[in-house]
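Q: Could we go through this model together? I would like to begin with the aromatic residues.

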Amino acid sequence: MGVRDDDDLAPALAAAQRGEETGFSALWLGLNPQLLRYLRVLVGENAEDVASETWLQAARDLRTFRGEVPGFRVWLFRIARNRAIDELRRMRRRREDPYDTGAHEQLGSTEDAEGVAFDRLGTGWALAVIATLPPDQAEAVMLRVVAGLDVAQTAQVLGKRPGAVRVAAMRGLRRLATHPQVLARAKTRSGMPWVQPEGV
């Protein structure tokens, strides 16, 4: 199940806020695919772990959330970004730990079913290309284009001004449009709908 319309998710959010498990499950089904794609660009193979931490915190703190589905998306992605930053710090510490040198390679040797499915559909390839962008551009592209947040919502998640988000997303999309892998793939396929700078 992919992205759901905010109107579809509104009853689920209300139910989740009342403590109903079915509401929270519906939110997870509707938003987790976007969240995972965003996190794959930030933390790679650790995306599922970070997504789990994100949802655990969201479940714990949901009673403090006030607002509707668009605000919930912003709140959820902000939690995810904070958890991803924590994970990146942990990853750096692990790389510096001489006794943990093989753990990172071991994790990368097993592919999850979702990752395999993404790769078959080309999503894995697209996420890998987006991950080559400078971090601020990659995040802006992921939140604007993949997660479907508007400029103001993306600015809230990133803690930046809307103008800075627009510039980062525009630069990221322009870089993607001229990326060697994108150009090579464009020769064999017509149209790359996610590489369109207009309307950022």
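Q: Phe65 and Phe72: buried or exposed?
A: Phe65 and Phe72 are both buried, where buried means under 20% relative accessible area, exposed over 50% and partly exposed in between, with a 1.4 Å probe and protein chains only. Please note that this is a predicted model, in which local features need pLDDT of at least 70, side-chain atom pairs count only at pLDDT 80 or more, and totals for chains, interfaces and linings use all residues. Residues are numbered from 1 along each chain as its sequence is written, and side-chain values use heavy atoms, with hydrogens and water left out.

Q: How many aromatic pairs are there?
A: The count comes to five aromatic pairs. Rings of Phe, Tyr and Trp (its six-membered ring) pair if their centres lie within 6.5 Å; planes under 30 degrees apart count as stacked, over 60 as edge-to-face and the rest as tilted.
Q: What is the geometry of the pair Phe65 and Phe72?
A: The pair Phe65 and Phe72 is edge-to-face, with 5.7 Å centre to centre and 80° between the planes.
Q: And Phe72 with Trp75?
A: Phe72 and Trp75 form a tilted pair, at 5.6 Å centre to centre with 40° between the planes. Both of these residues are buried, and both lie in helix H4, three residues apart, about one turn of the helix. Phe65, Phe72 and Trp75 form one aromatic cluster.

Q: What else does Phe72 contact?
A: Leaving aside neighbours within four places in sequence, Phe72 is in contact with Leu13, Leu27, Leu31, Trp55, Leu62 and Phe65; contact means heavy atoms within 4.5 Å.

Q: Which residues have the most contacts inside the largest nonpolar core?
A: They are Tyr38, Leu39, Trp55 and Phe72, in a core of 51 residues. A nonpolar core is a set of buried Ala, Val, Leu, Ile, Met, Phe, Trp, Tyr and Cys residues joined through side-chain atoms within 4.5 Å.
Q: Which helix gives the largest share of this core?
A: H2 does, with eleven residues.

Q: Changing topic, why does Gln153 count as buried?
A: Gln153 counts as buried because its relative accessibility is 14%. Gln153 is found in helix H9 and touches Pro70 and Val74, not counting residues up to four places away in sequence.

Q: Finally, what is the secondary structure of the chain?
A: The chain has eleven helices and zero strands; helices (H or I, at least four residues) and strands (E, at least two) are DSSP runs, numbered from the N terminus.
Q: How much of the chain is buried?
A: Of its 200 residues, 44% count as buried.
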